[in-house]
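This briefing concerns the pockets, cavities, nonpolar cores and backbone geometry of one protein model. Please read it beside the sequence and the structure.

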Amino acid sequence: MRRVRYDHPGGPLFLEEVPVPEPGPGELLVRCEAVGVTLPVVRKVTEAAEPIALGGEIAGEVVAVGAGVTRRAPGDRVTGLCFGHGYADLAVLHDHMASPVPDGASAVDAVALVRSGLVALGALEAARPEPGEAALVTAAASGVGHLAVQLARTRGAARVTGAVSDPAKAAFVRALGADEVVTYGDADWGEPADYALDAVGGELLTPALAALAPGGRLVAYSSGGGTIQAYDLLVGAKSVIGFQMARIARGEPARYERWREELWRLFADGALKPAVHAEFALADAATAHEVIENRANLGKVVLIP
């Protein structure tokens with residue numbers, strides 16, 4: 001089978017032929033029909049000291065199961081987060097990380113919706129939104145951000161502002177339901193927001209925090225880091241909340257499953273529409289990474305094995 005690999009930090013990515021892996025205890029072997037490309041994986045390729053296995057969101061058909069697996073069987077359609085080699089024709093997925101793909105949904109729908117949607121929904125829950133409040137979403141055109149804009153509406157946001165890196169993304173974000181779109185370099189980010197969902201971090205934390213109304217909450221879920229001055233919190237009685245999806249996945253499986261069910265329900269009702277920027281072949285994984293690294297995507301970027 002084929003998989004994507006690289007030998008040195010920074011790449012280049014290339015295809016190689018390798019034996020089909022065997023699922024171990026508690027694992028599934030999945031024939032990948034779609035693979036999601038995420039900013040954390042792209043960053044690891046460019047920044048990690050040693051090469052990593054290119055994992056991430058996968059969706060496809062179960063072709064074999066390991067010892068102890070009783071919930072899944074060959075022929076089932078599943079999606080989940082793969083911690084090993086996921087940029088491949090076949091990948092090993094832990095059973096507890098897999099969820100069913102409902103009838104009527106494609107593998108591309110699944111990788112565009114579930115993992116990114118879980119992060120967006122989790123960050124939104126962490127903000128404790130109240131109906132009638134105003135929301136701010138940074139990276140509003142990204143795989144997670146474009147779902148966060150829509151989810152804020154489902155939780156009763158009276159106004160949603162999307163912040164983007166390029167004004168060319170404004171029309172896309174408005175079509176998602178945003179009332180206002182600002183770019184990161186704008187001096188004025190519009191009317192103050194009651195809560196902000198920040199996927200960027202770094203130097204953007206300061207203007208995102210400044211865009212909050214007194215008593216506002218900023219949820220930081222980016223891997224980009226950044227520093228906030230305590231005085232900036234004190235002067236407006238603002239707060240910053242950290243959110244990490246992995247903690248929920250490991251420690252609160254019931255909540256994790258409840259959020260997954262909510263995402264599929266909203267998808268079925270037409271209230272949540274994942275957008276796919278582009279689909280690339282496995283051989284073009286490097287191009288897919290460039291799109292993400294350059295922040296050029298409007299929605300999800302997907303590999304099709």
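By class, the lining of the largest pocket divides into 26 nonpolar, 13 polar and eight charged residues, where Ala, Val, Leu, Ile, Met, Phe, Trp, Tyr, Cys and Pro count as nonpolar, Asp, Glu, Lys and Arg as charged, and the others, Gly among them, as polar. The model is predicted, so that local features need pLDDT of at least 70 and side-chain atom pairs count only at pLDDT 80 or more, whereas totals for chains, interfaces and linings use all residues. Residues are numbered from 1 along each chain as its sequence is written, and side-chain values use heavy atoms, with hydrogens and water left out.

**Largest pocket**
- The largest pocket has a volume of about 1,400 Å³, a volume being the space filled by probe spheres set on grid points that are joined across faces, edges and corners.
- On a 1 Å grid over the protein atoms alone, a pocket is an open set of points with protein on both sides within 12 Å along at least five of seven lines, a cavity is a set where a 1.4 Å probe fits but cannot get out, and lining residues have an atom within 4 Å of a point.
- Of the 47 residues that line this pocket, Thr 38, Leu 39, Pro 40, Val 41 and Ser 223 are the closest to its centre.
- Helix 1 gives the most to the lining of the largest pocket, with five residues; helices (H or I, at least four residues) and strands (E, at least two) are DSSP runs, numbered from the N terminus.

**Largest cavity**
- The largest cavity has a volume of about 60 Å³, and its lining includes Glu 57, Arg 115 and Arg 260.
- Strand 5, helix 2 and helix 8 (253-269) each supply at least two residues of that lining, which divides into five nonpolar, three polar and three charged residues.

**Nonpolar core**
- In the largest nonpolar core, which has 88 residues, Tyr 87, Leu 197, Phe 243 and Leu 303 touch the most other members; such a core is a set of buried Ala, Val, Leu, Ile, Met, Phe, Trp, Tyr and Cys residues joined through side-chain atoms within 4.5 Å.
- Helix 2 (residues 107-126) gives the most to this core, with 13 residues.

**Backbone**
- The peptide bond from Gly 11 to Pro 12 is cis, with omega near 5°, and Pro 12 is in the loop between strand 1 (2-5) and strand 2 (14-17).
- Ala 139 has a positive phi of about 50° although it is not a glycine, and Ala 139 is buried, with a relative accessible area of 16%, where buried means under 20%, exposed over 50% and partly exposed in between (1.4 Å probe, protein chains only).
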